[in-house]
Amino acid sequence: MSKLAKEFAGEPFTIFAFPSNQFGAQEPKPNSWIESFVRGNGTHKCGLIYCNWKGYFPYPLFAKCNVKMPWCSSDPTTSCTRGSSTCCSPNDAVWKWLYNLYSDVPKWNFAGKHLFDKCGNPSYYVNDETLDPAKLAPTIRQLLSKKC
């Protein structure tokens with residue numbers, strides 16, 4: 001994803017990252033730890049191409065949320081803070097909307113990739129955790145060339 005962020009820097013293109021602890025309890029730590037880790041020293045390796053980066057994470061990172069049922073019911077005044085290890089219920093709204101749109105939920109962390117055109121319309125969706133995000137570049141270029 002970071003390669004895409006570099007490639008499309010200066011374009012009307014943004015990546016949003018939503019950590020979730022719903023896949024093998026991979027994100028049990030607080031939001032502040034997750035942010036420090038992804039923006040940190042570049043030592044993260046997970047064995048798949050999409051998460052071996054060198055500390056370049058220039059896009060928005062949201063507080064931890066649920067991306068599939070059961071939806072989060074935590075109090076947002078305490079769960080959406082940097083120190084919280086629980087889900088941030090307001091962030092679930094995005095995923096509820098996407099679920100209603102596609103009737104699908106991410107198979108695993110990093111699997112669900114949603115592309116929107118410049119007008120904000122949902123335009124492309126893939127649910128594949130093994131897909132190299134760089135393969136989305138042609139579709140992104142096409143969406144960026146589209147007129148509203």
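Residues are numbered from 1 along each chain as its sequence is written. Because the model is predicted, local features need pLDDT of at least 70 and side-chain atom pairs count only at pLDDT 80 or more, while totals for chains, interfaces and linings use all residues, and side-chain values use heavy atoms, with hydrogens and water left out.

Begin by selecting strand β1 (residues 112-116) and strand β2 (residues 122-127), which run antiparallel and are joined by five bridges; strands here are DSSP runs (E, at least two residues) and helices are runs of H or I of at least four residues, numbered from the N terminus, and two strands pair if DSSP finds at least two bridges between them. Pick Lys113, and its bridge partner in β2 turns out to be Val126. Five residues lie between the strands of this hairpin, where Gly120 takes a positive phi near 90°.

Next, select helix α5 (residues 137-145), in which Ala137, Thr139, Ile140, Leu143 and Leu144 are buried, buried meaning under 20% relative accessible area, exposed over 50% and partly exposed in between (1.4 Å probe, protein chains only). These residues lie on the same side of α5 because they cover an arc of only 160° around the axis, the arc being that of the directions from the helix axis to the C-beta atoms. On the face turned away from the buried side, look for the exposed residues Gln142 and Ser145.

Finally, show helix α4 (residues 92-102) and find Trp97 within it, which counts as partly exposed because its relative accessibility is 43%.
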